[in-house]
Amino acid sequence: MQRRHLLTAAGAAAMFPAILPRRGARAQGTTKASLRLKWLPQTQFAGFYLAKARGYYEAEGIDLTINPGGPNLLTENLVATGADTFGLSGGTDSVFAAREKNLPIVCIGVSHQQTPFVFVSRADGPIRTIQDFKGKTITTWYTGANSVLLGMLAKAGLKPGDFTMQPQQVSVTPFVDGQIDVVTATRYNEFYTLMTRMGRDKLRTFAPEEQGIVFPRDTLIVSETTARQKPELVKGFLRASMKGWREALKDQKAGVDVVMAAAPTLNRDHQEFMLVEAGKLMTAGAAARDGLFWIDQATVKSAHDFFLEHGVIKAPLDLAAAYDRSFLEAIAVADRRA
Amino acid sequence: MPVCAHPVPPWLLMGARFILGLVAAALLWEGAVIAFGIRPHILPRLSTILSAIAATPGAYWSGFLRTLLETLIGFAAGAIVGVLNGVMFFRAPVLRDLLFPIFVVSQTIPVIAFGALVVLWFGNTLLAKAVIAFYLTFFPVTVNTLLGLQSVDPRQTALLRSFGASGRQQMLRLQLPMALPQIFVALRLAASLSLVGAIVGEWFGDTTGLGVLLLQAMYNENVVGLWAAILCAAVLGTGFYALVAYAERRIVFWGAEQ
Amino acid sequence: MSRRALRGVLGIALLLILWEGVARGFALPSYTLPSVSEILLSVWRQRQLLASAAWFTMAEALAGYAIGCVAGIGIAVLLSLLPPVRRGMMPAMMAINSVPVAAWSPLLLLWLGVGIASKIAAVALAVGFTVFLSALAGLDRVDRRTIGLMRSFGAGPLSILWRLRLPTALPLIASGMRVSTVRSLIVAIVTEMLGAYGGLGWIIYQAVVQIDFVSVWSAILVASALSLAFFGLIGAIERRVVFWR
């Protein structure tokens, strides 16, 4: 394990140049930067890929590398340490968690204005209302969705002992095979799999919004250092990303094509569906008026209070420091709208 | 190839048998899936898998090459460092006593747990994957080099020394050659382990590689894609292993005689 | 304690001191490298959680290990008794073995689900092949002349297997089993990290998501200690059973 220390030293040496030369490179007009996604390449991120392919980041003087995410990788961590400049991270939940753990990151935009996941039961099964979750087995992600579910069920008058909640990973097959009663599905991913395997009319959905809970996800983050020292870089990144997304949502074929070029083994039908769903989530709520990536402070506040109430975060956070809307506000509203 | 005296050269015969075996296995696979009505969710037909590869050959080919490169770098680094470690431990028992337990402990750590750290330290570079492959391979090579060196008959060393051979000459002329059979046993193991390292290394936010294809297929519940990636990994694994085993037969041909 | 063991302890102690010094000296944040004392403290604080997770993982690893050993030795013995079957099967076995467990894990998860079955299967696969290959090598080590001699005394294949082949193969089988101990735990943890209901790998996965890196290191420390203990146990049994080596 001694070598690990050597590696730390070597790693630190390798890491800092990644941050330092930017100032030097700036004189020549382009800044090197990277965007760490929250997951593997898919059309959930089409706008970023399209903006890069069409040279919008370059036009803003940014030489952007898009790094995919994956399991066991945490975007907040990579952005906080400077390994990546920008991050599309988990969501309001992971930003809260990171801020609570003193990771120096700032949210500069929110991609999905609505909760991107729903809880799904069988349409022909015994679960018709949320009260029917009583005594049933539910699987969900223990990364925030579990608290949303607990909150929804609490509002419906169910206590944690009234149902069985299990972690969900990898596959929706247990639900398809009838081993569990309720499954959690993102509107763009698992729900598509469920539809293709069971048919849309066989599924009944329960959205957190129906219980008055909104849980925005897919947050854009930078480190506090970047936010402080390079506001122009952040604004340029946002402008270019918005342009990419606007065009990806208008010309969905181009959006799907650019992602399929990055990951050719993906299923095209699924990716087309995903882009439509991602577009709905991105233009919902306040984004319709205030534009893409808009940070709706009221929604963030209510999500924060919800998590605080359920003990997911232990103490109130400084939301103004965690969610910085100034970069978005520096861009004209007309340029922000999808 | 030089002209052979035999009507059918043995390598051709071997090759023909190998291909025949492959065809038989492929037919068996295809036939079994159809005959037993195995659900495609469990095991798709081989033809389905092959046509999935044929649909996007570029993705699989570039993934194959990328993983191959990482495997080779990790293997080479692990082999070199492993042999050097073994020699160092053999020469300096104090160092061996001090470091060996640490090496043993290091091997009990699931490297995947440190994926995020590796990305933090090395970025999304080829190097990061090669480091993981290296981490898995250097230890077996170290152990076997040490064992091989220790098994050299001290009387032979004493004889060589009495002829005035320097420590380096003893090492290069006698001890290392004598340890080679043992070292190769570890190298064969290292060939498989470096592939594991490369694939697992690619699970941490990479863009190309067989590991990326595996992960993508798993999370999309794309069983055909999963099998396609597994097939590529099998070809890579078998090929590399065979290469090392071939080198072993050529280099330590005396191994059995001594 | 022998001088060698003392030096080993010294080496590890030096490393830990260096680690603590680097972590504190450079004031590294815990997401880069937590200090040893921080990790130990966290292990103590979470001892109940870690102990139950360790038990969960160990149970998976042990079950898979037992299945893998039995299957590995069994198939090796069977194939050594039936040379034609062996010739036909070996290429397929080698092909399956050349695919890293890391590549089988995702498939096993899709097949068997996120529960313990997929972990046990992955461990059994990894352990099984290691033990199978070393058992086969051990069974092949027998001196042909001795077999000839036993045959001339009228011994059948089963008797040769029991009296000669297995005892000769035992040291290699034992070493294969010893090497597999560490692998069994690592494979269980790796598969848990891809999807599980519990265990050390699950804790690591959750801790990464919740940005709790001290917990990641704590779980790794426990996993490492567990591997060493398992390795030591099988090693001790090996020394007793294969004492004549």
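Residues are numbered from 1 along each chain as its sequence is written, and chains are lettered from A and ligands numbered from 1 in the order in which they are written. In this predicted model, local features need pLDDT of at least 70 and side-chain atom pairs count only at pLDDT 80 or more, while totals for chains, interfaces and linings use all residues.

Trainee: Which strands stand at the edges of the open sheet of chain A?

Mentor: The sheet has five strands in the order S2-S1-S3-S10-S4, with mixed pairing. Strands are DSSP runs (E, at least two residues; helices are H or I, at least four), numbered from the N terminus, and two strands pair if DSSP finds at least two bridges between them. A strand with a single partner has one side left without a neighbour in the sheet, so the edges are held by S2 (62-67) and S4 (105-112) of chain A.

Trainee: What angle does the direction of helix H6 of chain A make with that of S3(A)?

Mentor: S3 (residues 86-91) of chain A pairs in the parallel sense with S1 (residues 31-36) of chain A over two bridges. Axes are lines fitted to C-alpha atoms, for helices over the stretch in contact, and angles run from 0 to 180 degrees between N-to-C directions. Helix H6 (residues 92-100) of chain A packs on the sheet, touching S3, S4 and S10 (217-223) of chain A, and the angle with S3(A) is about 105°.

Trainee: Which element gives the largest share of the side of domain 1 of chain A that touches domain 2 of chain A?

Mentor: An automatic or database domain assignment divides chain A into domain 1 (28-114 + 216-336) and domain 2 (117-211). Their contact (C-beta atoms, placed from the backbone, within 7 Å) takes 15 residues from domain 1 of chain A and 10 residues from domain 2 of chain A. On the domain 1 side, S3, helix H13 (268-283) and helix H15 (297-309) of chain A each give two or more residues. The largest share, six residues, comes from H13(A).

Trainee: How many nonpolar residues has the side of chain B that touches chain C?

Mentor: The contact takes 36 residues from chain B and 35 residues from chain C. On the chain B side, the largest share, nine residues, comes from H10(B). Ala, Val, Leu, Ile, Met, Phe, Trp, Tyr, Cys and Pro count as nonpolar, Asp, Glu, Lys and Arg as charged, and the others, Gly among them, as polar. By these classes, the side of chain B has six polar, two charged and 28 nonpolar residues.

Conventions. Two residues are in contact if their C-beta atoms, placed from the backbone, lie within 7 Å.
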